[in-house]
Amino acid sequence: MREGMKTKQNMLCPGSVMADRKKKAVVEGIAQAVFGVCASFVILVTASITVYMIGKGASAFWKVGVKEILFGTVWKPTAEKPSYGILYMILTSAVGTGLAVLLSVPIGVLTAVFLAEAADKRLAAVVKPAVELLAGIPSVIYGLLGISLLNPLMYRLELALFRDSPGHRFTGGANLLSAALVLAVMILPTVINISEAAIRGVQPGVRAASLALGGSRIQTIFCAVLPAAKSGIVTAVVLGVGRAVGEAMAITLVSGGCVNPPLPFYSVRFLATAIVSEMGYSSGLHRQMLFAIGLALLIFIMAVNTALTKIVKKGAENGG
Amino acid sequence: MERSKISVRNLELSYGAARALKNVSMEIRGCAVTALIGPSGCGKSTFLKCINRMNDFVEGVRIRGSVFLDGEDIYDRRVDTTLLRKKVGMVFQQPNPFPMSIYDNIAYGPRLHGIRGRQELDGIVEEALKGAAIFEETKDRLKKSALGLSGGQQQRLCIARALAVRPEVLLMDEPTSALDPVSTRKVEELIRNLKKKYTVVIVTHNMQQAARVCDDAAFFLAGEMVESGPGDVLFSRPKDRRTRDYVAGRFG
């Protein structure tokens, strides 16, 4: 009865501010539900990937033993007495990614500074599309370039460095250093783009305050703007690490592929490349082991993400 | 008559074709508070930023004329803007602390100018915070983020930050327009104290505020400086009809 009256009142008095509660509630409800479904879809996907990987990967850990896998250094999955140690691959992924990030972050952040604070607008107008193009190049192309350009150079360096050490096993230039260099170039666009957004997002008041205190442009950028953009830059590093750890295609081509400790001029195998190169012929426990490697990779990247995010949060609490 | 701290002669400023300041000349006394009043867009903030050359960063800006600070033309080609801005500090409309600790905010300026010693910095920080009447509220949380302070506290922190490089002139661009009445009163009290040691130039929209804090005042309209002089004269017996209309609240 009241609802009816209200609708009638609304129709009769166009200026009335009384709500048509029912209709409004329905629209709001539907909208809420749509957002909710979309959001939970993401949760569903993440959760199911994690659960699936644990399910598939854990069986090998169960059969071979966590210690043998994580701390074993011999990887002979197809031998008569097979051995499934992936320690060297884990270390290679960690060291290779670390090197790539160390190379890429300084260059990337400085490029981002250049783009965001551009002193020279015309040059920036060339650099920006170049960065975008770099991001769009398929990773296998990086690998091809690595093979044809980087590896021969690296081989020459190797010949010069190890001329007098007969114990060295020559790699033809396909080694950890080559892989790290290729990875560094590959994550560069990510680092540049995210850092640039972070630097542009810094409150204009921060710059003005520093300049008004007598800071030069350079002092302002390094002492005020970059510290203020810190959390965004760490995000850039996190995403860069993510891309580097998961990358397989390009470094399969340039890293050599033998399971060795991660030393600069050793032919090495990363976690991700092991999966790619062995999946085709693997079977049985070997196949399960490759899923276990996938699980290790997943845990590795989650750990790095959590650690870096924690660092940022802690920094923010202590006045950062 | 005592010599002016700042003496502006025939200052012209334009952005492209738009003239923002038209032939402005005025004298600003040392160790006094000078209020710049006028409606929005009249050029008073632009004028303020000419005194520490913050307009240099605006694209397409052209400035002619002279601004003498202690007898030196700050638009001379030999001027080092770093030294100028050390001598002429600035406080902005929106409180803009750095996202760092309270201590690092204050120490920022001195560090830029090469002061590294821990003890010396400690001394400067305490002195600056006391000078801006915010020491008692912050002394136990110097290592905490400045962003945790209230708006009014942040603004006094920004004043302290400006004081830490030991300026002689303090420019304030509507420093209380983002603050509540209680914080505003504290900042006004502070401004009245600051003039014992500093030359203060303040831009304000608020006529009552100008009357409360200023010794001298200048009225700007459409890029011109219409009238300047002692504050009580400008507010009670303005010579120019336009000043009279504005002060009486007939426009603006």
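The following dialogue takes up the terms applied to a predicted model and the values behind them.

Modeller: In this predicted model, local features need pLDDT of at least 70 and side-chain atom pairs count only at pLDDT 80 or more, while totals for chains, interfaces and linings use all residues. Residues are numbered from 1 along each chain as its sequence is written, chains are lettered from A and ligands numbered from 1 in the order in which they are written, and side-chain values use heavy atoms, with hydrogens and water left out.

Biologist: Why is A:M186 called buried?

Modeller: Buried means under 20% relative accessible area, exposed over 50%, and partly exposed in between, with a 1.4 Å probe and protein chains only. A:M186 has 1% relative accessibility, and therefore counts as buried. The residue is found in helix α7 of chain A; helices (H or I, at least four residues) and strands (E, at least two) are DSSP runs, numbered from the N terminus.

Biologist: Which residues does A:M186 touch?

Modeller: Contact means heavy atoms within 4.5 Å. Not counting residues up to four places away in sequence, A:M186 touches A:S139, A:Y142, A:R243, A:E247 and A:A250.

Biologist: What makes A:S93 a buried residue, and which residues does A:S93 touch?

Modeller: A:S93 counts as buried because its relative accessibility is 1%. This serine is found in helix α4 of chain A and touches A:F270 and A:L271, not counting residues up to four places away in sequence. A:L271 is itself one of the buried residues of α12(A), among them also A:A272, A:T273 and A:I275.

Biologist: How do you know that the buried residues of α7(B) line one face of the helix?

Modeller: The buried residues of α7(B) are B:S183, B:T184, B:V187, B:E188, B:L190, B:I191 and B:L194. Seen down the axis of α7(B), they fall within an arc of 160 degrees, so they line one face; the arc is that of the directions from the helix axis to the C-beta atoms. An α-helix has 3.6 residues a turn, so residues three or four places apart point the same way. On the other side of α7(B), B:P181 and B:R185 are exposed. The cover over the buried residues of α7(B) includes β3, α4, α6, β7, β8 and α8 of chain B.

Biologist: What span is expected of helix α7 of chain B, and what span does it reach?

Modeller: The expected span is 1.5 Å times one less than the number of residues. Helix α7 of chain B has 14 residues and reaches 20 Å from its first C-alpha to its last, close to the 20 Å expected.

Biologist: What makes a space a cavity or a pocket, and how many cavities of 30 Å³ or more are found?

Modeller: On a 1 Å grid over the protein atoms alone, a cavity is a set of points where a 1.4 Å probe fits but cannot get out, and a pocket is an open set with protein on both sides within 12 Å along at least five of seven lines; lining residues have an atom within 4 Å of a point. Grid points are joined across faces, edges and corners, and a volume is the space filled by probe spheres set on the points. The search of the whole structure finds 1 cavity of 30 Å³ or more. The largest cavity has a volume of about 50 Å³, and α6(B) gives the most to its lining, with 3 residues.

Biologist: How is the lining of the second largest pocket divided by class?

Modeller: Ala, Val, Leu, Ile, Met, Phe, Trp, Tyr, Cys and Pro count as nonpolar, Asp, Glu, Lys and Arg as charged, and the others, Gly among them, as polar. The lining of the second largest pocket has 13 nonpolar, 2 polar and no charged residues. A:Y142 is among the residues nearest the centre of that pocket, and A:Y142 is also touched by A:M186.
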